Amino acid sequence: MSGTTVTGNLPTTELTRWRLKTEDGRQTWHYLKTDEEVAAWPQSTADKYHLGLPTGLPTLPTPGTPLDAARNGLSFFSKLQLSEGQWACEYGGPMFLLPINMIAYFVTNSEIPEEWRIEIQRYLAARAHPEDGGWGLHIEGESTVFGTALNYVVLRIVGMSPDHPVCVKARKTLHALGGALQSPLWGKVMLSLMGCYKWEGVNPVPPELWLLPNWVPFHPWRWWVHNRQVFLAMSYLYSLNKTRPVDDLTIALRKELYVESYDSIDFSLHRNTVAPKDIYHPHTKVLDTLNEILTVWGKWICPNKLQEIARNHVYKLIKLEDENSDYCCLGPVNNPMNLVARYFTEGECHAVNMHRETIKDFLWMTNEGMLANGTDGVQCWDTSFLIQSVLECGFGEDPQYRHMLIKALQFLDTQQIREEPKEKEFSYRQQRKGAWPFSKRAQGYTVSDTTAEGLKSVLLLQSVPGMPKLISDERLEDNVDVLLTMQNANGGFASYELIRAGPWLESLNAAEVFGRIMVEYPYPECSTAVIMGLQQFIKTYPNHPRRTKIENVVRRTVQYIKKAQEPDGSWYGSWGICFTYATMFATEALKSTGETYDNSPTMKKAVEFLLSKQRDDGGWGESYKSCETGIYTEHKETQVVNTAWAVIALMNAGYKERGPIERGIKLIMRRQQPNGEWLQEGIEGVFNKSCMISYPNYKFTFTIKALGIYARIFGNEVS
């Protein structure tokens, strides 16, 4: 194809031909195949940066003060702002997302463009474990059957020969781990859809559960929304019991994926066969017993008519998910599963074509190749943090940043959700009118902290003299209304919805590779974001009739946050790594109600915890292992993002000893490059305790914020 070259023993496309397009918040990569197209659509600085190409941005004057460093950071980061006002980024890390999407393409006979095939091969080769050649649950994890089997399958789908060294090495590791027979539930389902595993070897995922009365304490409507939406499509596909017709590739994979002869395997005996390395959350006896009961139910007892009624009910919910998200769906697991469900049911149709199109929203290009992001972007989330970082530096009225800030405000204006979902009650959806999503408006899901950070950012920015007021009082009140519906009985806030069932439901966690996936939980991070958004609202509208209610919500939330503190003074972070992340948020919440190191034992313990983790170079470095184990674990290297979080937390706490904070600030300044950027270091984020995910814009937004707060509190100088 045009622009194809060979690097090592794998071809590569010409990176200068890739372009990132943004359209009403939707971000998709496009490969330009002709010189005429290239000339008509020049590559932007952001394109070059995300592709690892030279940006051509200049060397800046060496910063002498924290605010000089902040300005240098903004000089670089502002060039990455997209035309619609947001910042894009790679949101990769999980190594099961690309396989689920590409397997869905394969099962539905969707065309995989040649440029995708080339770049997917390159990415998977680059991200194979350097020692054994396999793949793990995420990019920094050890090789597992789940990661290795599915990514091996993808390489074969996109055209890599089984004799290629990458495949040979991966296959050797897969066999050493026990072969694809040892896959966890999600892996068994995807292989079954391909015809490379048999449905009788999958633990039951019955759609009849959706017909239970809503008062049943384990009804799926009570589950955490990501798990619920995956289970929704999975239960439909399980009940259909369909697979892609066997072809030469399927036959070959049946030989390559297994240690045993495929035809000799009694798959019904291997529903619970999972490699030890894959298991993060082992089955409980309750789950195993329930699986046995449901297996008998599905095979011998459940009437065909009841199964049909259940499938029809579930299929209606699948269609509502598609329609309420413009076919983007909640994320890159239920979208491709919905694609397969719609294809198996309706064949070639509008819905199938829409899914094929929206899967592009999750695909991302880097210098290593093409990967799948964890959502359809981080647009609203990162844009809110950028606004706050600029304002923390006192740059709100600086003409240098006015255009950038107006564009950011315009983006948040266009991406606020303005209507409730269709059949909201039937589809078990949280109130959303007035919310901001994590990514873009069309995706359509309320997220508590994104909604609150959007509220805070808009209120702060629209209060800057001369800044346009794009978002009306009424729309801001809609936002507050959403937040006020999301406080839980214990005072805390969860992620997408109210908590609908207790932690006991984790006894039915069938995913095996994830923890805390069955239900919503209260989070210090989400709770703090809501507190700060609501407090900014009553500061802006001090006589608002809901002031008393908001103050009561804040009081109860602070009580929750104080109770959530760990004995060592930290807070466990569920969305970032890990204790430094959550401690930054929790201390901000306590600060907002007047608590400081001097007057609060809670704050004093937090400061003591942070100081105990500071390194000799002045920084902090926390490993993702903290998330898995629940115990603070040192990273082998100091991390600039952890350092920014830690110094922000110390300043939130009102800690007056300048020395430790200044040492952290100086490390941030030392790590800054001559052009103003900070380089990518360790992975920053996490979900469900065991899977890490990248937030590469944090190395800009939180470093700049830390520099700004320091300059305001201690003066714009370092020794």
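This is a predicted model: local features need pLDDT of at least 70, side-chain atom pairs count only at pLDDT 80 or more; totals for chains, interfaces and linings use all residues.
Residues are numbered from 1 along each chain as its sequence is written. Local features need pLDDT of at least 70, side-chain atom pairs count only at pLDDT 80 or more, and totals for chains, interfaces and linings use all residues, while side-chain values use heavy atoms, without hydrogens or water.

Select residues 18-23, strand β3, which pairs with β4 in the antiparallel sense over six bridges (strands are DSSP E runs of at least two residues; pairing takes at least two DSSP bridges). Click K21, and its bridge partner in β4 is T28. Two residues separate the strands, and D24 in the turn has a positive phi of about 55°. Now select residues 26-31: five of the six residues of β4 are buried, so this strand is largely enclosed by the rest of the structure (buried means under 20% relative accessible area, with a 1.4 Å probe and protein chains only).

**Stop two: α15 and α26.** Next, select residues 379-392 and 698-714, two helices whose axes come within 8 Å and cross at roughly 20° (helices are DSSP H or I runs of at least four residues; axes are lines fitted to C-alpha atoms over the stretch in contact, with angles from 0 to 180 degrees between N-to-C directions). That makes α15 roughly parallel to α26 (angles under 35 degrees). Show side chains for the contact (heavy atoms within 4.5 Å): among its residues are W381 and F385 of α15 and F702 and R712 of α26.

**Stop three: α21 and α24.** Finally, select residues 579-592 and 640-652, where the axes come within 8 Å and cross at roughly 20°. That makes α21 roughly parallel to α24. Residues meeting here include Y581 and M584 in α21 and W645 and I648 in α24.

Note on methods: Angles under 35 degrees count as roughly parallel, over 145 as roughly antiparallel, 65 to 115 as roughly perpendicular and the rest as oblique. Buried means under 20% relative accessible area, exposed over 50%, partly exposed in between (1.4 Å probe, protein chains only).
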